[in-house]
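Please examine the model shown here alongside the report that accompanies it.

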Amino acid sequence: MNNRKEVGPDADNDAEAYTRQCAYEYIEGLGRRREATYRVPPLECGCRDPWCHRCKPRPTKGYALAVEHLLAAGLSPWPDVQALREMWRADDRQRRIARTIAERWEVAA
Ligand SMILES: [Zn+2]
């Protein structure tokens, strides 16, 4: 039975070497990933790497339609501030709806 890795004098060195190797491979992987982002076209938002892309998709008309439906049913829709800002810019009707939601949730946009 060989317990050298667990109790021997080289156990710490082996662990350090393993950690160093893992870090080296991780950093090399990041470099390969960055190089790959230069080869693909950028996303619509301008991000080049979909892995770290955290941009929120632009609000769609679906939010406005869902909000109208929920208000008609007597419910208070969740205030998606960015979508409310889009509704504010759209027209007077959507602006009134956006104001109603913002007032109900006491959201300042
Ligand atoms: Zn993005």
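## Basis of the model

The model is predicted, and local features need pLDDT of at least 70, side-chain atom pairs count only at pLDDT 80 or more, and totals for chains, interfaces and linings use all residues. Residues are numbered from 1 along each chain as its sequence is written.

## Overall fold

The chain has five helices and zero strands, in the order α-α-α-α-α from the N terminus. Helices (H or I, at least four residues) and strands (E, at least two) are DSSP runs, numbered from the N terminus.

Of the 109 residues, 7% count as buried; a residue is buried if 20 or more other C-beta atoms, placed from the backbone, lie within 10 Å of its own, exposed if 12 or fewer, and partly exposed in between.

## Leu65

Leu65 lies in helix H3 (residues 61–72). Leu65 is exposed because 10 other C-beta atoms lie within 10 Å. Between Leu65 and Gln94, 29 residues apart in sequence, the C-alpha to C-alpha separation is 9.8 Å.

## Packing of H3 and H5

Two packed helices are described by the angle between their axes and the distance between the axes. The axes of H3 and helix H5 (residues 92–105) come within 11 Å and cross at roughly 65°. Axes are lines fitted to C-alpha atoms, for helices over the stretch in contact, with angles running from 0 to 180 degrees between N-to-C directions.

Ala64, Val67, Glu68 and Leu71 of H3 make the contact with Gln94, Ile97, Thr100 and Ile101 of H5; two residues are in contact if their C-beta atoms, placed from the backbone, lie within 7 Å.
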